Amino acid sequence: MPRRNWGAIEMAKAIREVYGEALVKYGRDNPDVVVLDADVSASTRTALFQAACPERFFNVGVAEANMAAMAAGFASVGKIPFINSFATFVTTLALLPARIFGSYSKLNVKFMGAYGGLSDAYDGPSHHAIEDVAIMRALPNFRVYVASDEALTDWLVKHAIESEGPMYIRLSRDVFPSVYGSDTAFEDGNGKVLRDGKDVTIVACGVMVGFALEAAKALALEGIDAKVVDMFTIKPLDEELLLVSARTTGAVVTAEEHSVVGGLGGAAAETLAAAGTLVPMGFVGLADCHAECGSYKELLSKYRLDVSALVAKVRETVGRKG
Amino acid sequence: MGLTAERKAYLEKLCGKFRRDVVDALYKAQTGHPGGSLSVCEILTTLYFEKANVDPQNPEKPDRDRIVLCKGHAAPMLYRVLAEKGFFPVEEMKTLRRLNTRLQGHPSVKHTPGVDLSTGPLGAGLSAALGMALGLRLSKTGARVYAVLGDGDVNEGMVWEACMSAVKFKADNLVAIYDWNRVQLDGKSADIMPQGDMEAKFSAFGWRCLTCGGHDIKSLCDAIDKANAYPDGRPVMILADTVKGKGVSFMEGQNTWHGKAISEADHKRAAAELGGD
């Protein structure tokens with residue numbers, strides 16, 4: 001993971017570590033919280049919850065669909081189940097239970113996608129999650145969030161426990177640039193404006209939020225004043241913030257560690273088109289392709305998911321403004 | 001408590017009525033699944049009217065037993081049983097599968113009073129029933145969970161994942177009842193996906209296996225009593241020997257009646273066999 005200086009405090013904890021700790025922090029004293037894992041608890045860090053609350057931890061083995069359906073059963077009798085595996089398995093193997101029990105039945109299940117995006121870098125495309133957001137966003141009644149830093153990850157766990165309904169939360173294996181202070185207040189459905197600007201809005205999620213802030217600094221040197229929004233709440237999308245930002249800055253570039261098909265970029269484009277807010281748009285994401293194995297930093301660079309890719313895309317998009 | 005002769009006769013009479021009403025509802029709807037509905041009649045009747053702790057006056061009580069119809073396509077029989085139990089008026093059977101109905105094509109918790117879990121896609125029911133059982137155990141309610149499986153259902157790999165998990169987690173408040181008619185949509189199970197020795201398979205996974213006559217209410221009651229008398233850390237699988245399409249001679253054992261609309265002529269023949277007019 002590139003260690004950049006964001007001007008904010010750089011914390012050393014991986015998102016998965018923050019997640020595991022938050023599960024313990026908010027779940028230990030809540031008898032309704034149960035945690036299920038598919039034989040990857042050392043990776044997802046739910047092992048921390050297992051150590052704290054062994055009677056409410058269920059390792060189901062490598063059986064993601066079964067895990068998700070079991071979670072539905074727990075939810076139907078009043079528990080708050082968190083299911084855990086790599087994001088790609090949670091959103092493919094466990095998709096049928098997600099659909100019938102979460103989406104259709106609105107059971108209170110929390111689908112936690114560890115190792116989002118390319119963060120399980122060396123394991124290669126079989127273990128990358130590049131279409132998880134698109135899949136889960138298509139399910140009625142599911143809410144979808146992408147963690148962009150430690151403070152937000154902590155809040156998302158608390159929010160998942162407190163707010164009833166099916167959710168998909170994408171996490172990461174890696175360390176993310178820190179963008180929020182630990183006392184930041186978040187609200188469901190409200191994106192976060194991290195930097196104001198007048199020429200273009202970068203609407204980002206996940207690791208790309210930190211990159212967007214750095215890109216904005218680089219763009220400022222070229223005279224492009226970029227607004228940066230953390231759209232961690234993919235569904236419900238903060239449509240108002242998106243529309244206002246598009247109208248006031250006149251251009252939108254989305255940035256996500258995900259395929260350009262169907263994720264944050266798709267959601268933003270749908271919203272802007274439906275409102276008739278037709279501004280030049282650019283999409284930073286995987287170009288409808290699979291990546292490969294390598295270091296996380298190398299992959300983000302080769303597949304154009306880094307600061308330089310963002311700067312180039314913003315420059316090009318702003319150039320299309322009338 | 002043993003099943004009295006009087007009670008047994010009453011439940012058998014109910015089953016006769018349910019079969020006729022379900023065939024009528026399916027005829028009226030011109031869509032739906034006769035074969036599996038007729039097959040599961042005694043299993044659901046025994047559960048709801050004799051063995052499970054379910055109260056339509058207090059449908060959400062936390063310590064109630066849960067019943068999961070994993071083979072969700074048999075919804076018409078579930079609906080008829082729930083209606084008789086008092087969850088909704090029997091007349092509502094006329095709305096089966098119609099626009100705006102509470103009686104969806106497959107069971108839905110959001111639509112139908114008394115339904116404990118939405119089902120339809122096969123394979124997922126037993127896993128969910130296991131989650132219910134473990135959740136109820138954590139809450140120390142003493143409630144039991146009954147999962148009703150079918151032949152198509154056990155084709156799905158998830159069922160076997162659930163079988164392993166139920167044993168690992170010692171879910172002895174989980175009872176699976178396998179509506180074992182050995183016929184599925186495309187043909188006999190022996191041809192579609194040969195089952196081999198099912199009892200040996202479930203036993204090998206660690207389940208306590210019991211067998212019973214799936215259309216014999218006394219036999220079903222005995223098996224369920226036995227299942228509930230073994231709180232020894234093992235889930236119980238009751239292999240209930242049944243006949244697909246039971247009660248209508250030309251539907252019995254016929255995969256073609258899995259999900260076929262009933263013609264006027266066939267409805268007349270079926271009605272004559274089932275009586276009740």
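In what kind of crossing, left-handed or right-handed, does helix 10 of chain A pass helix 11 of chain A?

A: This is a predicted model, in which local features need pLDDT of at least 70 and side-chain atom pairs count only at pLDDT 80 or more, while totals for chains, interfaces and linings use all residues. Residues are numbered from 1 along each chain as its sequence is written, chains are lettered from A and ligands numbered from 1 in the order in which they are written, and side-chain values use heavy atoms, with hydrogens and water left out.

The crossing of helix 10 of chain A with helix 11 of chain A is right-handed; a crossing has this name if the near helix is turned clockwise from the far one by less than a right angle, and is left-handed if anticlockwise. Helices (H or I, at least four residues) and strands (E, at least two) are DSSP runs, numbered from the N terminus. Helix 10 of chain A covers residues 239-249 and helix 11 of chain A covers residues 264-274, and the two pack with their axes 10 Å apart at an angle of about 70°. Helix 10 of chain A is therefore roughly perpendicular to helix 11 of chain A, a label for angles of 65 to 115 degrees, whereas under 35 counts as roughly parallel, over 145 as roughly antiparallel and the rest as oblique. Axes here are lines fitted to C-alpha atoms, for helices over the stretch in contact, and angles run from 0 to 180 degrees between N-to-C directions.

From helix 10 of chain A, the residues A:E239, A:L242, A:L243 and A:A246 meet A:A268, A:T271 and A:L272 of helix 11 of chain A, where contact means heavy atoms within 4.5 Å. The residues of this contact divide into five nonpolar, one polar and one charged; Ala, Val, Leu, Ile, Met, Phe, Trp, Tyr, Cys and Pro count as nonpolar, Asp, Glu, Lys and Arg as charged, and the others, Gly among them, as polar.

In chain A, five strands form an open sheet in the order 7-9-8-11-12, with mixed pairing, and two strands pair if DSSP finds at least two bridges between them. Its edge strands are strand 7 (192-195) and strand 12 (281-286) of chain A, each of which pairs on one side only, and the twist from one strand to the next averages 25°. Helix 11 of chain A packs on this sheet, where it touches strand 8, strand 11 and strand 12 of chain A, and its direction makes about 145° with that of strand 11 of chain A. Strand 11 (residues 252-259) of chain A pairs with strand 8 (residues 200-204) of chain A in the parallel sense, over four bridges, and A:T254 in strand 11 of chain A stands opposite A:V203.

Chain A also has an open sheet of seven strands, in the order 2-1-3-4-6-5-10 and again with mixed pairing. Strand 2 (57-59) and strand 10 (233-235) of chain A are the edge strands there, each pairing on one side only, and neighbouring strands are turned by 20° against each other on average, direction ignored. Within that order, strand 5 (residues 143-146) and strand 6 (residues 167-170) of chain A run parallel and are joined by four bridges, with A:M167 in strand 6 of chain A as the bridge partner of A:R143.
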